[in-house]
Amino acid sequence: MAKPIRHVGVIGAGVMGAGIAAHLANAGVKVTLLDIVPPNLTDAEKKDPAARNRFAAGGLDKAIKNRPALFFHKSNARLVSVGNTEDDLAKLSTCDLVIEAVVERLDIKQALFTKLEKILPEHAIVASNTSGLRIHDMVEGRTDAFKKNFLVMHFFNPVRYMKLLELVVGPDTDPNTLAVVRGFGENMLGKGIVVGKDTPNFIGNRIGIHAMMTTIHQMLKDGLTPEDVDNITGSPMGHPKSASFRTADLVGLDTFVHVADNCYAALKQDEERDVFQVPAFIRTMVEKKLLGNKTKGGFYKKEGKDIQTFDPFKSEYRAKGGDDAIKGVTKNIAKLEDPAARVKALVADTGKAGQFAWKVLAPSLAYSATRIGEIADSVDAIDDAMKWGYNWELGPFETWDALGFATTVDRMLADGYKVPESVLKMKASGATAFYKDGNIFDLAKGEYAPRTVNPKNATFEILKKGSSPVLKNDGAEAWDLGDGVLGLTFKTKANSIDADVISMLGQAAEKAEGAFRGLVISNSGEHFCVGANLFGVVLAAGQQKWDDLRTMVKAYQSATQRLKYASVPVVVCPYGMTLGGGLELCFAGDAVQAAAETYSGLVEVAVGLIPGGAGTMNMLWRALENIPEGTQAITQEFVTQTFKNIALAKVATSADEAKAFGYFRKSDGVSFDRARQVTDAKARVIGLAEAGYHPAIPRAFVLPGESGIATLSMMVDTLVAGGYASEHDAKIARKLANVLCGGVSGASHEVTEEEILDLEAEAFVSLCGEPKSQERMQFMLMNNKPLRN
């Protein structure tokens, strides 16, 4: 068996190296982060280790402070130690893997590898994060043993958030080296692995930069504006909302130009080489340091409250504008939920938007197909690279299928685009799509082949057994996931919680108890659940139907409590936004199997309410549940922190942070790769069932009562006096304090679950009657934000 990777060295503490180090630490891996000794040190500083380590320490410090956060929790940074390459290279002698992320100069990398070869253990793997240098050149002069353990690990920035990890091997790389790193990347780091070939910019940047440059050149030909282009190439095309130019601003124009120039210089035989030539106006922007977000101005910049756009024709900023017709068409198309339907509707448009979209998509599709065999061996490798590295919803070949394979080929030929011979042969064979019935078309062999899917990546859809759900209503479905596991999934818009979902929670619990050994709750879409649909609440409040509101609240409380005390284990799978009622649902599970990127909190105060689905009680119970019996703990401290978390709508920005806040238990699972979340949850619920599962027993806790309410009220009064909270905010906070302290009933006393649930329900209903709360809820609805209560 290969030795596990427990200690990793990262050389180069710039943006990329520090990001790699941070994510390794997120995975629980010990990291040694090195950089060069700063030049021009004083004589005194040359003897000072802190000064000599300044570059590495500075890189780590920036990673800790970075927003969005690079560490799941800032305490993870304790796994990273810093040093410099002159004094501390020997510290890498215990490493299992060393990743270099130094400047893209061949001589510097070669010199570094010469030093590493002398000090690394025999089993250690060396990886380069290069995106432009060839493996053959980098390992020139190295021993056969070094070459066997060498490969490229090309991460995408920011490392924590971008799923793609491109692996590239040289002619001498041992297959076992690739297997070890692939397993480490998938299983430990949660990365999507794509194996590319040793060509300039590999897969993601080769296809991505070609698409971007094609778009820019076409914009200049057609006389469109950056706003027009972004309206077309964002959501309507199945690409991120940041589209083309906002993405360039995020990445940095200097980085973008560097990659494009590298392609142009290296791809002398590429039939599309001229596409990679950077237009003069972008060169001017780089010269003027208009690099995007990092310099507070790129294609777009903010002036006061206004957004200005860099005019590529006049090379100056102007007020943001764009073609109203293009904006109208693309806005309507963006409303379609299915990305395949969006891109099909976009290309079908006969106006400027559709014409431009076709003129940039057609060459991009043809270019991607031409590169098969050169940069990758399969169409899904390119599709995955673009989805994981550029956040496209559809890869090039999936886009081709969405447009209609044969129809698209015919139109490309009619419009004079050069279609690769492999694609023409595919069409002649009668093939109708690149992906069909679980198979994928192999352009090299000219035939379909089964598409292999890692069993660990089996989605809810793949795991479903039978042709129809076990239970179904308009809001949710329950399916047999095999092995005695029932899976519940929402069907509401944005996975909001409504009466149908609440009803199905109880039905699913009952069905699972009678015919299954466990229940998994898993959703699809961008977010797990951002709370209850407020429409019914606003309607009932407006009509002053207080009994109806009380019934609504009690129904969701009962549903979450029903799951909490079910006779079979329940595992909930949060990811993305898990707010309000979504987090309350997590509290109801015996365990959570969270995606690493889960953003959770009880944020009901934003709409003038407090949690109404047992959230106040269960968040507090989570805080108190591990206090050993007999401990003279001051529960006021736990109550106060829970009060702050809810009253300030504190949102955890990762699953790890949710554990630190007490939203998830320390024992809850975390799936680094969301693609594995359902299978991880299924394994977890089976494990609970097989380990002699027994349901929880209701508990009661001693809460501080009136003294606690008074303490929290003083805190609220201070915030109001300082202008940090309004009187209405104070009213909400005082009602929350009343619930968390167990109500106005004298001194500290034991409070049962039923008692605190009654307090929660009454506070919720009373706040629904407040005009200010009704205004907030109506504002959310009017601004198409009915779910984030």
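Over how many bridges do strand β10 and β11 pair? Strand β10 (residues 306-311) and β11 pair in the antiparallel sense over 4 bridges. The model is predicted: local features need pLDDT of at least 70, side-chain atom pairs count only at pLDDT 80 or more, and totals for chains, interfaces and linings use all residues. Residues are numbered from 1 along each chain as its sequence is written, and side-chain values use heavy atoms, without hydrogens and water.

The open sheet holds 3 strands in the order β9-β10-β11, with antiparallel pairing. Two strands pair if DSSP finds at least two bridges between them. Strands (E, at least two residues) and helices (H or I, at least four) are DSSP runs, numbered from the N terminus. β9 (300-303) and β11 (316-319) stand at the edges, each with a single partner strand, so one side of each has no neighbour in the sheet. D311 stands opposite E316 in β11.

Helix α4 (residues 106-119) has 14 residues. Its buried residues (under 20% relative accessible area, 1.4 Å probe, protein chains only; exposed is over 50%, partly exposed in between) are K109, L112, F113 and L116.

The whole structure contains 19 aromatic pairs. Rings of Phe, Tyr and Trp (its six-membered ring) pair if their centres lie within 6.5 Å; planes under 30 degrees apart are stacked, over 60 edge-to-face and the rest tilted. F72 and F672 form an edge-to-face pair, 5.3 Å centre to centre with 70° between the planes. F72 is buried at 3% relative accessible area, whereas F672 is partly exposed at 25%. F397, W400, F405 and F434 form one aromatic cluster.

Terms used. Expected span 1.5 Å × (residues − 1).
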